[in-house]
Amino acid sequence: MAAQAWLWTSLTVALTFILTVVNGNSEGDALFALRKSLSDPDNVLQSWDPTLVNPCTWFHITCNQDNRVTRLDLGNSNLSGHLVPELGKLEHLQYLELYKNNIQGTIPSELGSLKSLISLDLYNNNISGTIPPSLGRLKSLVFLRLNDNRLTGSIPRELSNVSSLKVVDVSNNDLCGTIPTSGPFEHIPLNNFENNPRLEGPELLGLASYDTNCS
């Protein structure tokens, strides 16, 4: 019996190690894909070594006790380039902080797979395209700050179903349509939508199309 117990314990430890390595490599691969898409003149990503077992020792990365990535902190880091869909593989990520850089391109719809995400801070960049409706799947999201970019299109109504949302700021973009008024948007101040020349005031439900001025 002792031998069987020892064997079972050894197998459990080995399996846990294998899963940690596989998960760590998968998350490391996703983060390294981001690194390859970015220009980093100040070498803030110098420690991002894809040959390590997991990315938990990389600067600007925080992991939980299971060595899964929970935070990506690269705000105000003089980065340029674009976001990558591989970020959607960081399933335990809670904080995605990339504000005050010069990131271009669009917001990947794959970010809607980040089921643990609490904060998405992409403000003060040069991001274009639309706000992905897939962000409406982020049921833990509290902070959504996309202000001071070049975003177009309407504000996805799917976000009205994210009851956890407390802060939404999409000011200083080129959004169109009307401002949502249901769900969490009931309590978002109007100045968080200002300086979008084609965005009209709060929608009157049933009286006007929410995507007016978007053609």
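Q: How many disulfides does a search of the whole structure find?
A: This is a predicted model, in which local features need pLDDT of at least 70 and side-chain atom pairs count only at pLDDT 80 or more, while totals for chains, interfaces and linings use all residues. Residues are numbered from 1 along each chain as its sequence is written, and side-chain values use heavy atoms, with hydrogens and water left out. A disulfide is a pair of cysteine sulfur atoms within 2.5 Å. Searched as a whole, the structure holds two disulfides.

Q: Is the disulfide of Cys56 and Cys63 left-handed or right-handed?
A: Cys56 is joined to Cys63 with an S to S distance of 2.1 Å. The torsion about this S-S bond is about -95°, so the disulfide of Cys56 and Cys63 is left-handed.

Q: How many residues apart are Cys176 and Cys214?
A: The sulfur atoms of Cys176 and Cys214 are 2.0 Å apart and form a disulfide. Helices (H or I, at least four residues) and strands (E, at least two) are DSSP runs, numbered from the N terminus. Cys176 is in strand β12 (residues 174–179) and Cys214 in the segment after β13 (198–202), so defined. The pair thus links distant parts of the chain, 38 residues apart.

Q: Which of these counts as buried, Cys176 or Cys214?
A: Buried means under 20% relative accessible area, exposed over 50%, and partly exposed in between (1.4 Å probe, protein chains only). Cys214 has 28% relative accessibility and so counts as partly exposed. At 1%, the residue that counts as buried is Cys176.

Q: What pattern do the disulfides of the chain follow?
A: The bonded cysteines are counted along the chain. Cys56 is bonded to Cys63, and Cys176 to Cys214. The pattern is 1-2, 3-4.

Q: Which residues touch the most other members of the largest nonpolar core?
A: A nonpolar core is a set of buried Ala, Val, Leu, Ile, Met, Phe, Trp, Tyr and Cys residues joined through side-chain atoms within 4.5 Å. The largest one has 48 residues, and those touching the most other members are Leu72 and Leu120.

Q: Which element gives the most to this core?
A: Elements that give two or more residues to the core are α1 (2–37), β3 (69–73) and β12. The most, four residues, come from α1.

Q: Which residues is Leu72 in contact with, leaving aside its neighbours within four places in sequence?
A: Contact means heavy atoms within 4.5 Å. With those neighbours left aside, Leu72 is in contact with Leu31, Leu34, Trp48, His60, Ile61, Leu87, Leu93, Tyr95, Leu96 and Glu97.

Q: How many salt bridges does the structure hold?
A: A salt bridge is a side-chain nitrogen of Lys or Arg within 4 Å of a carboxyl oxygen of Asp or Glu. One of them pairs Arg71 with Asp73, the closest N and O atoms being 2.9 Å apart. In total the structure holds five.

Q: How many residues apart in sequence are the parts tied together by Asp174 and Arg198?
A: Asp174 forms a salt bridge with Arg198, with the closest N and O atoms 3.5 Å apart. Asp174 lies in strand β12 and Arg198 in strand β13, so the parts tied together are 24 residues apart.

Q: Is Arg68 buried or exposed?
A: Arg68 forms a salt bridge with Glu91, the closest N and O atoms being 3.7 Å apart. Glu91 has 35% relative accessibility and so counts as partly exposed. Arg68, at 12%, counts as buried.
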